[in-house]
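Here are some notes for a colleague who has not looked at this entry before. The points go from whole chains down to single residues.

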Amino acid sequence: MKNCEYRQIEPQGLGTPNAAPPPPAGANDADTRAKRRRKWEVFPGKNRFYCDGRIMVARQSGVLPLTLGLIVLTSCLFFVFDCPFLVEHVTSCIPAIGGALFAFVIISLLQTSFRDPGILPRATADEAAYTEKQIDDSASSSYRPPPRTLEVIINQQVVKLKYCFTCKMFRPPRTSHCSLCDNCVERFDHHCPWVGNCVGKRNYRFFYAFIVSLSFLTAFIFGCVTTHLTLRSQGGKGLITAVQESPPSCTALELIVCFFSVWSILGLSGFHTYLVASNLTTNEDIKGSWSGNSGVQNTVNPYSYNNIFANCCAVLCAPLPPSLIDRRGFLPTQESPPAAQPQVELPVFVGKSDLTVV
Amino acid sequence: ALPHLPALWSNTRKTHSLQDLRQQASIAAKVFVQRDYTTGTICQFQTKFPSELETRIDKQQFEETIRTLNNLYAEAEKLGGRSYLEGCLACVTAYTIFLCMETHYEKVLKKIAKYIQEQNDKIYAPRGLLLTDPIERGLRVVEITIFEDQSNGRIEGR
């Protein structure tokens with residue numbers, strides 16, 4: 001009979017033509033792991049990956065270095081030139097508060113930039129074929145909505161789901177395809193060049209934390225610099241002398257940066273607070289999806305809980321969904337070069353201790 | 001449905017049926033159970049019974065599986081005291097706590113993976129079907145692979 005030397009493996013760990021890829025933990029042998037490629041290496045979107053897939057950013061990192069540079073520079077100038085004076089004349093809590101705010105800002109920024117915003121993996125070949133078949137079947141009958149949209153009713157509101165030609169699937173509600181990153185992103189808010197990434201379902205709360213804490217930080221630094229200059233000029237020397245005493249370029253730079261930042265970032269924070277409270281995305285707000293522009297009847301936001309507190313909790317404190325793209329998972333062992341799709345399926349023979357890897 | 005099919009699967013090879021599926025059976029078709037968006041963006045799957053499975057499994061069984069999956073996903077995304085606490089704690093630690101702690105969602109996903117494996121072992125594999133965990137398809141579909149009936153030939157191992 002069979003001298004079975006196999007061990008019971010999870011069904012997903014087995015490969016057949018067109019079956020699922022193995023789980024990320026890798027039920028297969030460790031010695032082949034070193035030669036196997038990870039899924040991020042064949043990711044079809046325009047993203048860049050670092051640290052073996054742990055960190056991801058958009059292909060065009062935009063002005064993220066500028067954002068980081070400005071924040072770090074202004075904060076350093078603050079700590080070096082204003083803190084000593086203020087600690088002496090006001091209170092020693094100032095550097096502590098400044099430091100805490102600065103740390104929070106940087107951490108939130110990095111969390112926003114380096115996280116997967118909620119990218120949807122592209123449909124597998126089988127799925128795409130199945131969907132096409134469904135579309136063709138429905139198109140054969142008369143007077144239906146154009147075949148490439150699907151209508152669903154969410155909370156008594158009609159929502160049209162569009163078919164994404166790049167990802168070959170019907171986009172879930174609130175999902176949008178970002179042309180810069182070439183990915184469909186869930187609960188797509190916008191693509192932020194300052195942060196160098198899309199803002200979507202998985203990193204919106206970090207983005208919000210970033211802009212709110214940044215408004216506090218810039219307001220704080222602005223206040224401290226103003227206090228510093230005021231105190232100096234009160235010493236009977238006048239404002240101009242005061243500015244000349246503290247290194248002039250630094251104080252002026254801090255003032256200018258903070259002045260412009262405070263207004264723009266406070267404005268942005270206010271706008272996003274409104275969005276959070278009404279459970280809207282920037283994308284929906286700009287397009288006017290729920291303000292009745294597109295439809296004849298009264299359209300209301302079907303995702304809102306109609307309660308500010310509930311909306312805030314849902315947007316900011318909901319359980320963090322996992323990344324769907326599994327970028328650090330291993331590709332199945334294969335005998336042909338990988339295809340453009342992240343999931344390539346080929347037979348894996350079980351019961352053998354050495355898997356053939358090309 | 002072939003009348004002798006249960007006999008084929010219920011003989012001595014039942015404990016190895018999952019292996020046999022992989023090594024001997026070839027895929028006849030795949031069915032994709034789509035998402036159900038009527039309650040919003042929360043992850044739920046349609047309980048409509050696909051016609052391709054009519055000959056393989058009863059409607060009740062299938063609906064039971066999908067309903068349990070839906071309940072599990074609802075549990076993962078539930079907004080309640082626990083998730084708020086987790087959110088606040090995360091915010092206070094500048095979200096660095098997720099480096100050492102598993103989120104509630106991830107814990108439930110593990111439960112789901114276990115449930116699917118159990119269903120496959122007990123119910124679906126003996127009927128020549130295989131469920132794929134939706135997480136491997138981006139939570140878009142529940143993929144059900146239908147294997148060809150092995151009426152004869154290639155009985156013994158390879």
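What percentage of the 158 residues in chain B do buried residues make up?

1. Buried residues account for 51% of chain B, which has 158 residues. Please keep in mind throughout that this is a predicted model. In chain A, with 358 residues, the buried share is 50%.

2. The secondary structure of chain B consists of 5 helices and 3 strands. Along the sequence these elements come in the pattern α-α-β-α-α-α-β-β. Chain A has 9 helices and 10 strands.

3. Contacts across the sequence can be given for both chains. In chain B, 62% of the contacts with a separation of 6 or more are accounted for by residues 24 or more positions apart. In chain A, among contacts between residues at least 6 apart in sequence, 64% join residues at least 24 apart.

4. The UniProt record, an unreviewed entry, lists residues 31–143 of chain B as "domain: Golgin subfamily A member 7/ERF4". In the model this span is 45% helix and 10% strand. Its end C-alpha atoms lie 6 Å apart.

5. Cys43(B) sits in the loop of chain B that runs between β1 (27–34) and α3 (59–76). Is Cys43(B) buried or exposed? Its relative accessibility is 2%, so Cys43(B) counts as buried, the cut-off being under 20%. Beyond its neighbours within four places in sequence, Cys43(B) is in contact with Arg35(B), Tyr73(B), Glu77(B) and Leu139(B).

6. His104(B) belongs to helix α5 of chain B, which covers residues 104–124. Why does His104(B) count as buried? Its relative accessible area is 13%, and buried means under 20%, so His104(B) falls in that class. A polar atom of the His104(B) side chain lies 3.2 Å from the backbone oxygen of Glu75(B). Glu75(B) is also one of the residues in contact with His104(B) once neighbours within four places in sequence are set aside; the list is Glu75(B), Ala76(B), Arg82(B) and Glu86(B).

7. In chain A, helix α2 spans residues 64–89 and has 26 residues. From its first C-alpha to its last, α2(A) reaches 36 Å, close to the 38 Å expected at 1.5 Å a residue. Where does α2(A) kink? The kink, of about 50 degrees, lies at Asp82(A), shortly before the proline Pro84(A). Asp82(A) is among the buried residues of α2(A). Others in that group include Leu64(A), Ile71(A), Leu77(A), Phe78(A), Cys83(A), Phe85(A) and Leu86(A). Thr67(A), Thr74(A) and Ser75(A) are buried in this helix too.

8. Chain A also holds an open sheet of 3 strands, in the order β3-β8-β7, with antiparallel pairing. Which strands are at the edges of this sheet? They are β3 (119–120) and β7 (176–178) of chain A, each of which pairs on one side only. Strand β8 of chain A, residues 183–185, pairs with β3(A) in the antiparallel sense over 2 bridges. Within that sheet, Ile119(A) has Val185(A) in β8(A) as its bridge partner.

Methods
Residues numbered from 1 in each chain as written. Chains lettered and ligands numbered in written order. Predicted model: local features only at pLDDT ≥ 70, side-chain atom pairs only at ≥ 80, totals over all residues. Heavy atoms only, no water. Helix = DSSP H or I, 4+ residues; strand = E, 2+ residues; numbered from the N terminus. Buried < 20%, exposed > 50% of the residue type's maximum accessible area, 1.4 Å probe, protein only. Polar contact = N/O pair within 3.5 Å; in protein donor to acceptor, adjacent residues only side chain to side chain. Contact = heavy atoms within 4.5 Å. Expected span 1.5 Å × (residues − 1). Bend = angle between axes of the 7 residues up to and from the residue. UniProt positions renumbered as here; feature names shortened; annotations may be inferred. Pairing = 2+ DSSP bridges.
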